[in-house]
Amino acid sequence: MVEYTSSRLCFKADVIEPLKETDSFVVHTPDGTFMFTKADFYRVFPNVIETKSYQEGRLYSCKYPPKRALPFLISGQKQGDNNTKKQSPKNVHKTNTPQKDIVGDDIRQKIKEIGLLWRNSPYNPSINIEVLKKWDNLIEEWIKDETMPLIIRKETSKRGQGFNHPCGREIIVSDNTVAIWVFSNVLDGKVFTLSDIKELLQNNELPMVFMATNEIKEKAKYTKPLGCHSLPNWKLCHIQPVGFNTNKSIENLDISEIKEHFRKYVNPNNMFVLPKEIGYLGEIDVFIEEQKR
């Protein structure tokens, strides 16, 4: 376990990336002490990993601890209070789980109204329904073709690497890159055939990583960066969650789980975008509910 102290909750790539999935890191801040495993970090903060700040600057910080970080708060006292006793991780959930509704229906209703406003906003990119249908058909065809690799968003420290599942199918690891690539093409009204996708994979032309770092180039099989498909003004959100919520290795995941994950991860019917300024609304259930097609 590694620890560091910061004036705000921050994630240091040079500390986190060398860790194994089950290794823990602790961040001491004036707002409290937080403890995450690397797997927790990748599962709860997938958007952080994709940022230029984390990828290039090697540091991403939050002005205030976001709500999703609170389950990992192991000490609520300010750093420097010598009377503070750290709670053991097994007690974190019990201590920090609210015993009553501290948000309230009035606020949720307002968030729901904002969700509807965005759904009908003239600034919300319009999507061609026929294009969505064609992508839906492509994804189903892709899943059924046992010769086609499936792509998952998991263990993003292994971005671009391919693994052989016990069923014989290749599994490729990505971050949110492939989903962003898909939605970028949807916005442009572009659809591919399965043969097109096979050719892109064979020629290493299907973007699989946000950016091709030296480490990725050394270890990965698929190294095409996102480039012009990056949607710089938007945050891509999923309607149904795509996380596995398990620390199982790829080889130990049931292939049916991987297929379902792939379906939700790359199908644009399960996606919407928000301006980055209000991107975190895309993590609130009542807001997401209004984006369903």
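Biologist: In which strand is the place of S24?
Modeller: This is a predicted model, where local features need pLDDT of at least 70, side-chain atom pairs count only at pLDDT 80 or more, and totals for chains, interfaces and linings use all residues. Residues are numbered from 1 along each chain as its sequence is written, and side-chain values use heavy atoms, leaving out hydrogens and water. Helices (H or I, at least four residues) and strands (E, at least two) are DSSP runs, numbered from the N terminus. The strand that holds S24 covers residues 24-29 and is β3.

Biologist: Is S24 buried or exposed?
Modeller: A residue is buried under 20% relative accessible area, exposed over 50% and partly exposed in between (1.4 Å probe, protein chains only). S24 has a relative accessible area of 17%, so S24 is buried.

Biologist: Which residues is S24 in contact with, leaving aside its neighbours within four places in sequence?
Modeller: Contact means heavy atoms within 4.5 Å. With those neighbours left aside, the contacts of S24 are M1, V2, L19, M35, F36 and T37.

Biologist: T22 is found in a loop; how far apart in space are T22 and A39, C-alpha to C-alpha?
Modeller: The loop of T22 runs between α1 (13-16) and β3, and T22 is exposed, with a relative accessible area of 58%. T22 and A39 are 17 residues apart in sequence, while their C-alpha distance in space is 6.3 Å.

Biologist: How many helices and strands does the protein have, and what is its radius of gyration?
Modeller: The secondary structure comes to twelve helices and eleven strands. The radius of gyration is taken over C-alpha atoms, and the globule rule is 2.2 Å times the number of residues to the power 0.38. For 293 residues that rule gives 19 Å, and the protein is close to it, so it is as compact as a globular protein of that length, with a radius of gyration of 20 Å.

Biologist: What share of the residues of the protein count as buried?
Modeller: The C-alpha trace spans about 65 × 45 × 35 Å along its principal axes. Among contacts with a separation of 6 or more, 64% are between residues 24 or more positions apart. Of the 293 residues, the buried share is 47%.

Biologist: How many disulfides does a search of the whole structure find?
Modeller: A disulfide is a covalent bond between the sulfur atoms of two cysteines, counted here when the two sulfur atoms are within 2.5 Å. The search of the whole structure gives a count of zero.

Biologist: Of C228 and C237, which is buried?
Modeller: C228 has a relative accessible area of 73%, so C228 is exposed. At 4%, the buried cysteine is C237.

Biologist: What is the phi of N204?
Modeller: Most residues other than glycine have a negative phi. N204 lies in the loop between α9 and α10 and counts as partly exposed at 22% relative accessibility. N204 is not a glycine, yet its phi is positive, at about 55°.

Biologist: Which residues does E205 touch, not counting residues up to four places away in sequence?
Modeller: E205 lies in the loop between α9 (194-202) and α10 (214-219), and at 39% relative accessibility E205 counts as partly exposed. E205 and P225 are 20 residues apart in sequence and 8.7 Å apart in space, C-alpha to C-alpha. With residues up to four places away not counted, E205 touches L200 and K224.

Biologist: Where does L231 lie?
Modeller: Phi of L231 is near 50°, a positive value in a residue other than glycine. At 10% relative accessibility, L231 counts as buried. The place of L231 is the loop between α10 and β10 (234-238).

Biologist: Leaving aside its neighbours within four places in sequence, which residues is S184 in contact with?
Modeller: S184 is in helix α8 (residues 177-187) and is buried, with a relative accessible area of 7%. The C-alpha atoms of S184 and S230 are separated by 7.6 Å, although these residues are 46 apart along the chain. Leaving those neighbours aside, S184 is in contact with H229 and L231.

Biologist: In which helix is D285 found?
Modeller: D285 counts as exposed at 61% relative accessibility. D285 and I111 are 174 residues apart in sequence and 9.4 Å apart in space, C-alpha to C-alpha. The helix of D285 covers residues 285-289 and is α12.
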